[in-house]
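Biologist: Before we go through the features, please show me the model.

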Amino acid sequence: MKLLALGATGATGRLVVDQALAAGHTVRALVRSPEKVDARPGLDVVAGQATDVGDVTQAMAGVDAVISTLGATGGTVITDATRAVISGAATTGVSRFVELSSFAVLRERLSGPAKFMSSTAMGAMVKDKAAAEDALRASDLDYTLVHAVRLTNGPATGAAKPLPESATLHMGDTISRADVAAWILTALTDTTTSRRSVAIAG
């Protein structure tokens, strides 16, 4: 597949790119600072803003799917980028979109301590991601929202798994970024994740 990666210079995004290339995909990375991305066979680095509709639409041309691992601590970066993808899809016809979100958005599933900690330390980020998710659900995109529990920098274990919708999410639940990247790539072609929100843990 030919993939467009948003957030490719981030801690998880770099792993998505690495694993995608290793699996034989070709990747176009839309980044603000191309010098931060090492040139490699199969990787096309494009300068631009993930929040700019024109940049995103141009980068989406000719790809099969879009992956976003963008992270933000405030503002409307995630929402603006998601809306840019939705707009770009209308022009390019690219409909498959996998977006990394956070377990903190699933307020009704959080344990008491997790709900308290996320509201105090992650409130702005949760608001942004929640608005982005609302925009996706109102769109026609073939999306998958990946609600990862607390991310670590540990190695890939192959143990990433979807959690039951009845599962309570705790602050102590973790998953490595490498496992998240692998799960995202698997979800790309898994039709059971189409237009679904999936919480995953290690």
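Modeller: Helices (H or I, at least four residues) and strands (E, at least two) are DSSP runs, numbered from the N terminus. In the protein chain they come to 6 helices and 10 strands. This is a predicted model, in which local features need pLDDT of at least 70, side-chain atom pairs count only at pLDDT 80 or more, and totals for chains, interfaces and linings use all residues. Residues are numbered from 1 along each chain as its sequence is written, and side-chain values use heavy atoms, with hydrogens and water left out.

Biologist: How does the radius of gyration agree with that of a compact globule?

Modeller: The radius is taken over C-alpha atoms, and the globule rule is 2.2 Å times the number of residues to the power 0.38. For 202 residues the rule gives a value near 17 Å, and the protein chain has 16 Å, so the two agree. The C-alpha trace spans about 45 × 35 × 35 Å along its principal axes.

Biologist: What percentage of the residues in the protein chain is buried?

Modeller: Buried means under 20% relative accessible area, exposed over 50%, and partly exposed in between (1.4 Å probe, protein chains only). Buried residues are 47% of the 202 in the protein chain.

Biologist: Why does Arg195 count as partly exposed?

Modeller: Because its relative accessibility is 37%.
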